[in-house]
Amino acid sequence: MILGIETSCDETAAAVVTDDGRVLSSIVSSQAELHARYGGVVPEVASRRHLDLVAPVVREALESAGTSLDRIERVAVTQGPGLVGALLVGLSAAKALAWARRLPLVPMDHLEGHVATLYLGRDPLEPPFLCLLASGGHTLLLAVSEHGRSERLGTTLDDAAGEAFDKGARLLGLGYPGGAAIDRIAREGDPAAFQFPVARVAGLDFSFSGLKTALLYAVRELGEEEAERRKADLAASYQRAIVRALTQRVREASLVTGLDRLAVVGGVAANSALRSALPDARFAPLDLCTDNAAMIASGARYVDALPYPRYLALDAYASLA
Ligand code: KG4
Ligand code: ZN
């Protein structure tokens with residue numbers, strides 16, 4: 001059994017996963033409400049909250065898996081990328097637990113973790129496949145050649161797809177984080193009501209900053225009252241532009257690489273319009289789209305563990321290598 005710990009952003013998460021990919025427990029304590037009043041994640045606030053939550057969340061993960069530390073064989077933890085202060089809380093907790101029990105520790109890349117969501121459960125996806133990772137922090141197109149190994153084909157030049165959802169939601173007064181709120185209200189709107197541009201950039205990269213500006217202008221032009229009245233149409237049209245940008249690039253990447261099996265992971269994979277726009281793709285299960293520790297424990301099955309006590313000097317890293 002593997003104990004996974006994830007604290008890279010504003011979710012404190014712990015999970016117990018078996019070597020054959022069964023999720024025995026996955027506990028996620030979201031700080032979203034805490035950060036909502038600031039309209040985004042405040043790093044220092046996140047770190048302090050992780051400190052309060054990491055021990056109880058680990059305890060709950062062990063309990064709800066019906067197990068105890070005595071039966072854990074490896075500890076897996078997110079090393080980066082993410083907020084360094086937040087990452088350090090999880091990393092220190094993982095080191096302490098592993099050290100106390102003389103267990104090996106697996107430092108995990110958060111993005112590889114998202115991909116490893118696809119390897120969980122009864123019907124795991126086997127590489128090779130093309131993977132779209134769309135979250136609040138990243139938008140990546142990956143050619144996954146084997147477990148734990150992928151080549152980066154494209155990334156965003158500015159905002160991440162989830163960030164575009166969040167900024168759009170803020171403009172529409174839907175709160176933070178706003179992806180799920182846009183998804184919900186868009187169901188009552190007309191996606192063809194407004195024409196928002198899909199940015200054309202070279203290669204297989206993405207760009208979302210122009211889209212957010214287009215929404216800002218549309219809202220200004222309508223005026224406060226009218227924008228409020230047409231909120232559902234605005235949300236639906238905005239969502240359609242993001243979904244189009246993502247699906248176009250996925251299709252192009254599929255042609256370029258010859259990889260015809262598609263997968264989508266990360267918070268934006270929860271989006272219902274994206275799910276219906278890519279009916280043949282494998283999506284991460286809904287409860288494992290946003291940050292969690294089951295994906296970290298899953299990915300750890302394909303990475304060499306560091307034996308006790310070689311991991312004690314490990315450091316967190318903030319950004320993509
Ligand atoms: O993967 P994740 O939890 O965090 C990062 O690693 O960044 O993704 C969070 C992002 C947020 O931007 C949130 O608005 C977005 O995923 N999100 C959604 C939906 N649910 C979450 N975006 C669109 N539609 C959704 N249903
Ligand atoms: Zn994530």
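Predicted model: local features only at pLDDT ≥ 70, side-chain atom pairs only at ≥ 80, totals over all residues.
The zinc ion (ligand 2) is held by His110 and His114, each through NE2, and by Asp291 through OD, at 2.0 to 2.1 Å. Along the chain these donors follow the spacing H-x3-H-x176-D. The angles among the four donor atoms run from 95 to 142 degrees, and the site of the zinc ion (ligand 2) is irregular. It is not counted as tetrahedral because that class needs all angles to lie between 85 and 135 degrees, whereas the angles here reach 142 degrees.

The next topic is charge pairing. Side chains of opposite charge can pair when their charged atoms come close. In this model the count comes to 13 salt bridges; three of these pairs are described below.

One of them joins the side chains of Arg48 and Glu44, with 2.9 Å from N to O. Both residues belong to helix α2 (residues 43-64), where they sit four residues apart, about one turn of the helix. Arg48 counts as exposed because its relative accessibility is 53%, while Glu44, at 46%, counts as partly exposed.

Asp70 and Arg101 form another salt bridge, with their closest N and O atoms 2.4 Å apart. This pair links distant parts of the chain: Asp70 is in the loop between α2 and β4 (74-80) and Arg101 is in helix α3 (residues 84-101), 31 residues apart. Asp70 has a relative accessible area of 60% and is therefore exposed; Arg101 has 37% relative accessibility, so it counts as partly exposed.

A further salt bridge brings together the side chains of Lys167 and Asp159, at 3.2 Å from N to O. Salt bridges with shared partners join Asp159, Glu163, Lys167 and Lys212 into one network. Within it, Asp159 is buried, since its relative accessible area is 7%, and Lys167 is partly exposed, with 27%.

The last topic is the surface. Trp99, Tyr308 and Leu312 form a nonpolar patch there, and together they have about 270 Å² of accessible area. Of these residues, Tyr308 lies in the segment after α11 (294-299). Tyr308 has a relative accessible area of 30% and is therefore partly exposed.

Note on methods. Residues numbered from 1 in each chain as written. Chains lettered and ligands numbered in written order. Heavy atoms only, no water. Patch = residues over 30% accessible without salt bridge, like charges linked within 9 Å, V, L, I, M, F, W, Y side chains within 5 Å. Areas by Shrake-Rupley, 256 points an atom, 1.4 Å probe, with all protein chains shown as cover. Salt bridge = Lys/Arg side-chain N within 4 Å of Asp/Glu carboxyl O. Helix = DSSP H or I, 4+ residues; strand = E, 2+ residues; numbered from the N terminus. Buried < 20%, exposed > 50% of the residue type's maximum accessible area, 1.4 Å probe, protein only. Donors = N, O, S within 2.8 Å, 3.2 Å for Na, K, Ca; no water. Tetrahedral: all angles 85-135°; square planar, octahedral: opposite > 155°, others 65-115°.
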